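Me: I have a protein model with two ligands and would like to go through it step by step. Here it is.

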Amino acid sequence: MKTIIITGGAGFIGSHVVRLFVNKYPDYRIINVDKLTYAGNLANLKDVEDKPNYRFVRADICDFDTIYQLMQQEHVTGIIHLAAESHVDRSIKDPFTFARTNVMGTLSLLQAAKLYWESLPEKYDDKRFYHISTDEVYGALEMTHPEGIVPPFTTKASSSHHEAYGEDFFLETTKYNPHSPYSASKASSDHFVRAFHDTYGMPTIVTNCSNNYGPYQFPEKLIPLFINNIRHRKPLPVYGKGENVRDWLFVEDHARAIDLIYHRGTVAETYNIGGFNEWKNIDIIKVVINTVDRLLGREEGEDMDLITYVTDRAGHDMRYAIDSRKLQAELGWEPSLQFEEGIEKTVRWYLEHQDWMDNITSGDYEKYYDDMYKNR
Ligand code: NAD
Ligand code: TYD
């Protein structure tokens, strides 16, 4: 019997991880600890909220006493830590909130786990503290493709990427060089997690993943924001020239990697997670426009004129690209979807779940907790 706290389970990636664990491991007890900030939406977990192996606890990870008591009460054996402030643009406006949750919140969680696990006779045996981080901690890569163009790759394999880019990828050994307040706060939290292994022997694991896309992503991030804007024929604000490159992974593939690494990853190791799927922003935006248009029965490309170039994001990282060969070789993980399938599935999901989107844009989603949980 395992009892696992998943923090940030009401957010985008966390909800997919909670769903996967609750359904796949009926013998585990899964406790979703989430503060329900603007990014937390319990409607993301409607389909699992009544499962007997699932519990939701509304709490702030910075609240040490509550987390420590919860660990004692529930005999927690593992933590999968996703709760964070996650949007770069918000971090530029309000860095303090990022330092509070991402740095102090992670430290508070680590300390609660340390005190509880060290109080047990078996101490750290069969325990895990798994911290979910981002590729953004490594900083930015240059564009090294010979023509300065990033071809839209669609393969699962990595060889063509290495032919095109040489060795210009983020490896697990790449030196940290964060540029935004968001990535600086995540880098700091990663260091604390590793320090708890090195200092106290806590069985920690850190993974750094590339940009995720898929259902249930909060519509401030590029893909859901643009799908919704195209649907409503609103302008699409492209930062700078739209030439920045991101490496996109379907969120369920990230969740599968988390499951695999939680169970089979080596303690104290770092794994980079990514699907060798780099796209220039402007290229991905065109794919999204064509897909939305087609699925809405509009003429493909009809909405290209919504593209609106706006002032660039301050400190905008040029290129992210993950080398996930370690994870692929050691644990046999690989992405399950070609990018075309993933983006089609994603666009279709948002168009078919307009109620989910409307609930967010109207603010109604914030009432879900009161309606469903307050009197439980
Ligand atoms: P998200 O913003 O969608 O969700 C974050 C969740 O954390 C929300 O449910 C929110 O309510 C909760 N939360 C925030 N502050 C909290 C606090 N103080 N206490 C308790 N809960 C709190 O984020 P996401 O995109 O799902 O990202 C999840 C994790 O994965 C983050 O740690 C992020 O850094 C990392 N990550 C994200 C991506 C990506 O592309 N989205 C890529 C790599 C890594
Ligand atoms: P985003 O989804 O915010 O993820 P991240 O900043 O973590 O990579 O942005 C993805 C890329 O899209 C990034 O290069 C910034 C760009 N972008 C825009 O051009 N316009 C937008 O409105 C948003 C939200 C992002």
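Reply: A polar contact is a pair of N or O atoms within 3.5 Å. Keep in mind that this is a predicted model.

Me: Which atom of ligand 1 is 3.1 Å from an N or O atom in the side chain of Thr101?
Reply: The side chain of Lys186 has a polar atom 2.6 Å from an oxygen atom of ligand 1. With Thr101 the ligand atom at 3.1 Å is a nitrogen.

Me: How much of ligand 1 does the protein bury?
Reply: On its own, ligand 1 exposes 830 Å². The part of this area that the protein buries is 97%.

Me: Now ligand 2. What is the distance from an oxygen atom of ligand 2 to an N or O atom in the side chain of Arg313?
Reply: Of the 17 residues around ligand 2, those that come nearest include Glu136, Arg313 and His316. An oxygen atom of the ligand is 2.6 Å from a side-chain N or O atom of Glu136, and for His316 the value is 2.7 Å. For Arg313 it is 2.5 Å.

Me: How many residues of the shell around ligand 2 are charged?
Reply: Helix H7 (222-231) and strand S8 (236-239) each supply at least two residues of this shell. Its residues divide into seven nonpolar and five polar, and the charged ones number five.

Me: What span should helix H4 have, and how far apart are its end C-alpha atoms?
Reply: H4 covers residues 95-118, which makes 24 residues. The expected span is 1.5 Å times one less than the number of residues, so H4 should span 34 Å. This agrees with the distance between its end C-alpha atoms, 33 Å.

Me: Where is the kink in H4 centred?
Reply: The helix has a kink of about 30°.

Terms used. Residues numbered from 1 in each chain as written. Chains lettered and ligands numbered in written order. Predicted model: local features only at pLDDT ≥ 70, side-chain atom pairs only at ≥ 80, totals over all residues. Heavy atoms only, no water. Near = heavy atom within 4 Å. Polar contact = N/O pair within 3.5 Å; in protein donor to acceptor, adjacent residues only side chain to side chain. Helix = DSSP H or I, 4+ residues; strand = E, 2+ residues; numbered from the N terminus. Nonpolar A, V, L, I, M, F, W, Y, C, P; charged D, E, K, R; others polar. Bend = angle between axes of the 7 residues up to and from the residue. Areas by Shrake-Rupley, 256 points an atom, 1.4 Å probe, with all protein chains shown as cover.
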